[in-house]
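Please read the points below with the sequence and the structure open beside them.

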Amino acid sequence: MFPEGKLNYPEWDESVSDRVLISEFYDQLLKRYPEVREDIEFNEGLLHLDMASLQRVAEKLCKERKLAELESCFLWVNSLFCRSRNELLNAINVSFLECFQ
């Protein structure tokens with residue numbers, strides 16, 4: 001599932017902005033999960049709230065046992081996680097990963 005069978009944790013770097021990656025996140029988020037569009041528009045670009053919307057989608061997929069869709073979601077989030085260095089890394093950690101029950 002992960003390259004070479006391991007997960008590489010990204011290094012935090014405050015001097016690097018995730019602006020381009022965040023733009024990619026929003027573009028893909030709305031294509032992959034159009035059901036969150038209303039929440040995203042209401043949140044007005046607050047990344048942590050929008051990441052929490054994605055977390056709720058993932059949790060729903062888990063509860064509904066839609067495992068292939070859930071795996072796709074996790075792989076996508078992991079691809080963002082591994083490339084992020086700042087704001088997006090924090091949002092994934094705090095508002096996606098830490099919220100699973």
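Notes on the helices and their loops

1. D39 is placed in helix α2, where helices (H or I, at least four residues) and strands (E, at least two) are DSSP runs, numbered from the N terminus. The model is a predicted one, in which local features need pLDDT of at least 70, side-chain atom pairs count only at pLDDT 80 or more, and totals for chains, interfaces and linings use all residues. Residues are numbered from 1 along each chain as its sequence is written, and side-chain values use heavy atoms, with hydrogens and water left out.

2. With a relative accessible area of 34%, D39 is partly exposed. The term belongs to a scale: buried means under 20% relative accessible area, exposed over 50%, and partly exposed in between (1.4 Å probe, protein chains only). Leaving aside neighbours within four places in sequence, D39 is in contact with D50, S53 and R56, contact meaning heavy atoms within 4.5 Å. D39 and D50 are 11 residues apart along the chain, and their C-alpha atoms are separated by 7.4 Å.

3. N43 is another residue of helix α2. Is N43 buried or exposed? Its relative accessibility is 11%, so N43 counts as buried. Not counting residues up to four places away in sequence, N43 touches L49, D50 and S53.

4. E44 lies in the loop between α2 (37-43) and α3. Phi of E44 is near 50°, a positive value in a residue other than glycine. Most residues other than glycine have a negative phi. E44 counts as exposed, at 71% relative accessibility.

5. Which residues of α3 are buried? They are L47, D50, M51, A52, S53, L54, Q55, V57, A58, E59 and L61. These buried residues pack against α1 (19-32), α2, α4 and α5 (87-95). The length of α3 agrees with expectation: at 1.5 Å a residue, its 17 residues should span 24 Å, and its end C-alpha atoms are 24 Å apart. The expected span of a helix is 1.5 Å times one less than its number of residues.

6. R65 is not a glycine, yet it has a positive phi of about 60°. R65 is exposed, with a relative accessible area of 61%.

7. How do α3 and α4 pack, and at what angle? Helix α3 (residues 47-63) and helix α4 (residues 67-83) meet at an angle of about 150°, with their axes 9 Å apart. Here axes are lines fitted to C-alpha atoms, for helices over the stretch in contact, and angles run from 0 to 180 degrees between N-to-C directions. α3 and α4 are therefore roughly antiparallel to each other. Angles under 35 degrees count as roughly parallel, over 145 as roughly antiparallel, 65 to 115 as roughly perpendicular and the rest as oblique.

8. α3 passes α4 in a left-handed crossing; a crossing is left-handed if the near helix is turned anticlockwise from the far one by less than a right angle, and right-handed if clockwise. On the α3 side the contact is made by L54, A58, L61 and C62, and on the α4 side by E69, L70, C73, W76 and V77. By class, this contact of α3 with α4 has 8 nonpolar, no polar and 1 charged residues. Ala, Val, Leu, Ile, Met, Phe, Trp, Tyr, Cys and Pro count as nonpolar, Asp, Glu, Lys and Arg as charged, and the others, Gly among them, as polar.

9. The buried residues of α4 are L70, C73, W76, V77, N78, L80 and F81. Their cover includes α1, α3 and α5. The 17 residues of α4 should span 24 Å at 1.5 Å a residue, which agrees with the 24 Å between its end C-alpha atoms.

10. The axes of α4 and α5 come within 8 Å and cross at roughly 135°. α4 and α5 are therefore oblique to each other, and α4 passes α5 in a left-handed crossing. V77, L80 and F81 in α4 meet L88, L89, I92 and N93 in α5. This contact of α4 with α5 has 6 nonpolar, 1 polar and no charged residues.

11. For the chain as a whole, there are 5 helices and 0 strands. Of its 101 residues, 38% count as buried. Among contacts between residues at least 6 apart in sequence, 67% join residues at least 24 apart.
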